[in-house]
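Here is a short note to read alongside the model. Please keep the structure open as you go through the points.

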Amino acid sequence: MKPRQYAVLLLLGFASGLPLFLTGSTLKAWMTDEGLSLATIGLFSFVTLPYSLKVFWAPFLDRYALPGFGRRRGWMLAMQAAMAVALALLALSEPHLDLLRVVILALAVAVTSATFDIAVDAWRAEALDQKHLGLGNSIHIAAYRVAMLVSGGLAMILAQVFGWRVTYLGMAGLTLLGMVGTWLAMNTDAVAQAPRSLQEAVSGPLRDLLQRKGIGYLLAFAVFYKLGDWLAEAMTMPFLMRGMGFTKMQIGTVQKTTAMVAIILGGLIGGWMLMRMSLRKALWTCGFVQAGSILGFWAISMLGRHLPLLVAANTLENLAYGMGGSALVALLMGSCNRSYTGTQYALFSALTALPRTVFGGLTGFMAESYGWKLYFPVCAAAAIPGLLLLLLWDRWGLPETDEA
């Protein structure tokens, strides 16, 4: 790959990862500061529902192009601009006075972010050849996670020092970095032609998938592989702040230092594994590491508030995220038909996000019912169904080369 491609992958990966925590754990930290109940905070997980529903409007992005920048780049630029506006308006909100306004604006951020993801994921599948797909995805995921640390760890520090309004305004400004990546990205219209009609854009991807042998196993795996991770992540911030008494400064400092190194290292390890072993073995290894990383927070609940424990748990969690994300994206993106990359990958990624939204909304009730010492072991156990599906790999209908 050329240096320009590396720069584009980094910038677009950063742009994709930035909004997720701003409608997820960072938003929940803000709501925790506002004194909302755990049940209400847990219900904020439903704000991320657009990430699971985006497949329903993905065909529009496959079929239609906005003028000026091509089919993929046009949508990317428009959504980045809308995202910046929604974040700025969210920054100017006062949750204790108008919670409904916060919910609506957070939903707007999630919708524009999810739509941007449709376009950028399709662009990546079209811009990268098969030889560079694993490396390109690892770079994207590393940048994605770095952005999550910026909107998570750095945002917590900024909120401690300057307050939530300045923090969210700063995050809105950072979306401009992603716009630079969109500007520099190549136009992929010549790589894959748009469907001839909206009807084809809707029915073609589904017909292609339903005709594949073993597609049900692949779709189920997309749902369950990161289930434990999503359940744990949904309540990690309230656990650390309210449950254990860590300050926003402590959490933010850990996330922007050791966690930053861990996610980059995890992405590199994931990319190395994909070159050295079969995809199946990589998914097995990363799946066990993901499940084990959840128990780091269980250890904190058992041993008490100790900063070294927080460092260790956060480092392991980010390392596992980088490794598992690289393997899962390689599987799902490699399973897309290039004629329908936007819709098919949107379906796959929506399924991976489904547990975070559907089950995540119940995590507040689970935490209140089980208590922190039982909650995280339950999350770790939730990783088992995804791993069990790997035992049925031969029935998935994947190319034989994936088994090597």
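1. Is Arg-212 buried, partly exposed or exposed? Arg-212 is partly exposed, because its relative accessible area is 25% and the buried class ends under 20%. Remember that this is a predicted model.

2. Arg-212 also has a charged partner. Arg-212 forms a salt bridge with Asp-208. Their closest N and O atoms lie 2.8 Å apart. Side chains of opposite charge can pair when their charged atoms come close.

3. Now look at helix H7, which spans residues 99-127. Asp-121 and Arg-124 sit three residues apart there, so about one helical turn separates them. Their side chains meet in a salt bridge, at 3.0 Å from N to O. Both residues are buried.

4. Lys-226 and Asp-229 form another salt bridge, with the closest N and O atoms 3.2 Å apart. Lys-226 counts as buried, at 6% relative accessibility. Asp-229 counts as buried too, at 12%. Elsewhere, salt bridges with shared partners join Asp-62, Arg-72 and Glu-126 into one network. The structure holds seven salt bridges.

5. Turn to the nonpolar residues. The largest nonpolar core has 110 residues. Those touching the most other members include Tyr-168, Phe-221, Leu-283 and Trp-396. Take Leu-283 and skip its neighbours within four places in sequence: Leu-283 is then in contact with residues including Phe-221, Tyr-225, Leu-331 and Trp-393.

6. A second core stands separate, with 14 residues. Among them are Leu-20, Phe-21, Tyr-51 and Ile-263.

Technical notes: Residues are numbered from 1 along each chain as its sequence is written. This is a predicted model: local features need pLDDT of at least 70, side-chain atom pairs count only at pLDDT 80 or more; totals for chains, interfaces and linings use all residues. Side-chain values use heavy atoms; hydrogens and water are left out. A nonpolar core is a set of buried Ala, Val, Leu, Ile, Met, Phe, Trp, Tyr and Cys residues joined through side-chain atoms within 4.5 Å. Buried means under 20% relative accessible area, exposed over 50%, partly exposed in between (1.4 Å probe, protein chains only). Contact means heavy atoms within 4.5 Å. A salt bridge is a side-chain nitrogen of Lys or Arg within 4 Å of a carboxyl oxygen of Asp or Glu. Helices (H or I, at least four residues) and strands (E, at least two) are DSSP runs, numbered from the N terminus.
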